[in-house]
Amino acid sequence: MKILVTGAKGYAASSIISTLAPEYDLILTSRSKGTFNQNIPIIPLDLTNSFATNSFLEENSPDIIIHTAAITLIDYAETHQDETQAINVKSVETLCQYCEKTATWLIHFSTDALFSGEHAPYSENDIPHPINYYGKSKLMGEQIIQNNQNFPFTICRPSVIYGWKATHHRGNLFYDFYSRLFAGEKVYASQIHYGNPTYLEDLGRCVYQIIKRKIHGILHTVGPVRMNKYEFALELASIFEFDPKLIQPIVHHPGKAPRPHDLALNYENSIQKLGIKMLSPREAFQVLYNSKLDA
Ligand SMILES: NC(=O)c1ccc[n+]([C@@H]2O[C@H](COP(=O)([O-])OP(=O)(O)OC[C@H]3O[C@@H](n4cnc5c(N)ncnc54)[C@H](OP(=O)(O)O)[C@@H]3O)[C@@H](O)[C@H]2O)c1
């Protein structure tokens, strides 16, 4: 079975690719060229170019497309809306047209940021009301898929993905806090922004099960614990034995775009379908701590 993974240089894709690579024939693309773990080529493909994308799809005819590519920086999306629209919305339309023509299965990565944060926890079928452009663009992407009933699709909604830093990628909540605390620097962490932080390696396992069990529809692929960023930092400090006094609670977010306050997601139905256990931050930090000792 041939599986195309877009956004192959991205953070979520790093775990998806390493989980699927031993069993499946993977075709990896990203905006820029590269290699995954020095052995699988990453082919450059700008998904905002629908002509190039269509030719690529015709040439490679994947059985499944896992679409992770997106502009994911919330403040950048707010100030670069046309660029964000082109990848977060238009590319989905192009992929959908191909999937419709060929009945190809689309596994699409969406987000918890579709919701306003005022009525958490949210279930898979709750009506989204995004409050920033990133969330709006991701919702438009989802709607294109959901309005099109002519091919199989799965929509995964993760939340704040964390783990060790992956190659090619910027930091993440765990890695940023870890690096500062390790250097003895202060960490400022919001006490008013809640979500279900999602351990990177669990996402790869989710996608593996989606394919094995042929699960379609919307899935909340998130960690099992609702917590704010301050609690997340304290939990990290306790496992890694950092000084908790370095962690300062704050009650705002320094970014330009508005942030929903509570993005907790109901996940029980989705995780039951997947048949896996998602790790809590405490459990994941212990795994990360042990892997550091083994390294
Ligand atoms: N990270 C999170 O905490 C989080 C939380 C919830 C949902 N999500 C969703 O999960 C998915 C993956 O997120 P991520 O954080 O792993 O993403 P990421 O690390 O920011 O990577 C984004 C990927 O998209 C590619 N890309 C951007 N513009 C492109 C274009 N025009 N054509 C082709 N590729 C393009 C980038 O390619 P280059 O690197 O080559 O430029 C990169 O490989 C996204 O759909 C995101 O909305 C992420």
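These questions and answers go through a predicted model.

Colleague: Which strands stand at the edges of the open sheet of eight strands?
Modeller: The sheet has mixed pairing and runs in the order β3-β4-β2-β1-β5-β6-β7-β12. A strand at the edge has a single partner strand, so one side of it is left without a neighbour in the sheet. The strands in that position are β3 (34-36) and β12 (217-219).

Colleague: In the pairing of strand β6 with β7, what is the bridge partner of H108?
Modeller: Strand β6 covers residues 105-109 and strand β7 covers residues 153-156. The two pair in the parallel sense over four bridges. In β7, the partner of H108 is I155.

Colleague: Are helices α6 and α8 parallel or oblique to each other?
Modeller: The axes of α6 (residues 173-182) and α8 (residues 229-240) come within 10 Å and cross at roughly 55°. Angles under 35 degrees count as roughly parallel, and 65 to 115 as roughly perpendicular. The two helices are therefore oblique.

Colleague: How many residues of the contact of α6 with α8 are charged?
Modeller: On α6 the contact is made by L173, F174, F177, Y178 and L181, and on α8 by K229, F232, A233, L236, A237 and F240. Ten of these residues are nonpolar and none is polar. The number of charged residues is one.

Colleague: Which helix gives the most to the shell around the ligand?
Modeller: The ligand is surrounded by 28 residues, the closest being G7, G10, Y11, A12 and S30. By class, the shell has 13 nonpolar, eleven polar and four charged residues. With three residues, the helix that gives the most is α1 (residues 11-20).

Methods. Residues are numbered from 1 along each chain as its sequence is written. This is a predicted model: local features need pLDDT of at least 70, side-chain atom pairs count only at pLDDT 80 or more; totals for chains, interfaces and linings use all residues. Axes are lines fitted to C-alpha atoms, for helices over the stretch in contact, and angles run from 0 to 180 degrees between N-to-C directions. Angles under 35 degrees count as roughly parallel, over 145 as roughly antiparallel, 65 to 115 as roughly perpendicular and the rest as oblique. Two residues are in contact if their C-beta atoms, placed from the backbone, lie within 7 Å. Ala, Val, Leu, Ile, Met, Phe, Trp, Tyr, Cys and Pro count as nonpolar, Asp, Glu, Lys and Arg as charged, and the others, Gly among them, as polar. A residue is near a molecule or strand if its C-beta atom, placed from the backbone, lies within 6 Å of it. Two strands pair if DSSP finds at least two bridges between them.
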